[in-house]
Amino acid sequence: MSVTDIEWAAIKNNDKTYDGIFWYAVKSTKIFCRPSCPSKMPNRHNITVYYDKNEPGQRGYRQCKRCQPLGEPVDNEEWIKTINNILETKYAQKLSLEDLGHLAHGSPSYLRHVYKNFTGITPQQRLIELRLQAAKKELLQSNLAIKVIAGKVGIENVSYFIKKFREKYGESPLHYRKSHAKKSDS
Ligand SMILES: [Zn+2]
């Protein structure tokens, strides 16, 4: 199932002669592309190659917005799903708008524009939501320090984390942990 050297060379060189012959899918982002796609190179071990153009879709991969692997425009709804999938699986990592653009195969500013138009919030706002939700869970399920939890969900700056948590849930992370622990004791 691994990528052959010929396939890998075609992908690396954005070789148009292989367009329509095979398609490559990237496991970590669930996107599939033509060999000629100009997007940033994925890791070789994350790639699966398909010679049937319908197969990647059947296996849950979504079309790359940029190279339009099936020769038809990719609608925004599908692209938003791709972006959300990336946010949901990678929120704990450092993820700038540029990183997201690379991963979702689109320019950062266009991505932000489309995402905001479609969902009403920016990708960064969605990212914070996901991180705070994960932190909330972690606060109740572990005894880890606030700083450690913040880092674990992808927020380096602990005072920023506490500020955002309070904004969203109306109390500090520590208070949230205490009040919930009390409730479960009684
Ligand atoms: Zn592509």
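**Definitions set against values**

Colleague: Ile21 is placed in the loop between α1 (5–12) and β1 (23–26). What makes a run of residues a helix or a strand?

Modeller: Both are DSSP runs numbered from the N terminus, with at least four residues (H or I) for a helix and at least two (E) for a strand. This is a predicted model, in which local features need pLDDT of at least 70 and side-chain atom pairs pLDDT 80 or more, while totals for chains, interfaces and linings use all residues. Numbering runs from 1 along each chain as its sequence is written, and side-chain values use heavy atoms, without hydrogens and water.

Colleague: Why is Ile21 called partly exposed?

Modeller: Its relative accessibility is 41%. Buried means under 20%, exposed over 50%, and partly exposed in between (1.4 Å probe, protein chains only), so Ile21 counts as partly exposed. Its C-alpha atom is 14 Å from that of Ala9, 12 residues away along the chain.

Colleague: How do you know which residues are the protein donors of the zinc ion?

Modeller: A donor is an N, O or S atom within 2.8 Å of the metal (3.2 Å for Na, K and Ca). The SG atoms of Cys33, Cys37, Cys64 and Cys67 lie 2.2 to 2.4 Å from the zinc ion, and therefore meet that limit. Their spacing in sequence is C-x3-C-x26-C-x2-C. Cys37 sits in the loop between β2 (31–33) and β3 (47–50) and Cys64 in the loop between β4 (62–63) and α3 (76–90), so this pair ties together parts 27 residues apart in sequence. Both Cys37 and Cys64 are buried.

Colleague: What makes the site of the zinc ion tetrahedral?

Modeller: The angles among its four donor atoms are 105 to 118°. Four donors count as tetrahedral if all angles lie between 85 and 135 degrees, so the zinc site qualifies.

Colleague: How many aromatic pairs does a search of the whole structure find?

Modeller: Seven. One of them joins Phe161 and Phe165.

Colleague: Why is the pair of Phe161 and Phe165 called tilted?

Modeller: Rings of Phe, Tyr and Trp (its six-membered ring) pair if their centres lie within 6.5 Å; planes under 30 degrees apart are stacked, over 60 edge-to-face, and the rest tilted. Here the centres are 5.9 Å apart and the planes at 55°, so the pair is tilted. Both residues lie in helix α8 (residues 158–169), four residues apart, about one turn of the helix. Phe161 has 0% relative accessibility and counts as buried; Phe165, at 0%, is buried too. Ring pairs link Phe161, Phe165, Tyr169 and Tyr176 into a cluster.

How values were computed: Four donors count as tetrahedral if all angles lie between 85 and 135 degrees; four count as square planar and six as octahedral if opposite donors are over 155 degrees apart and all others between 65 and 115; anything else is irregular.
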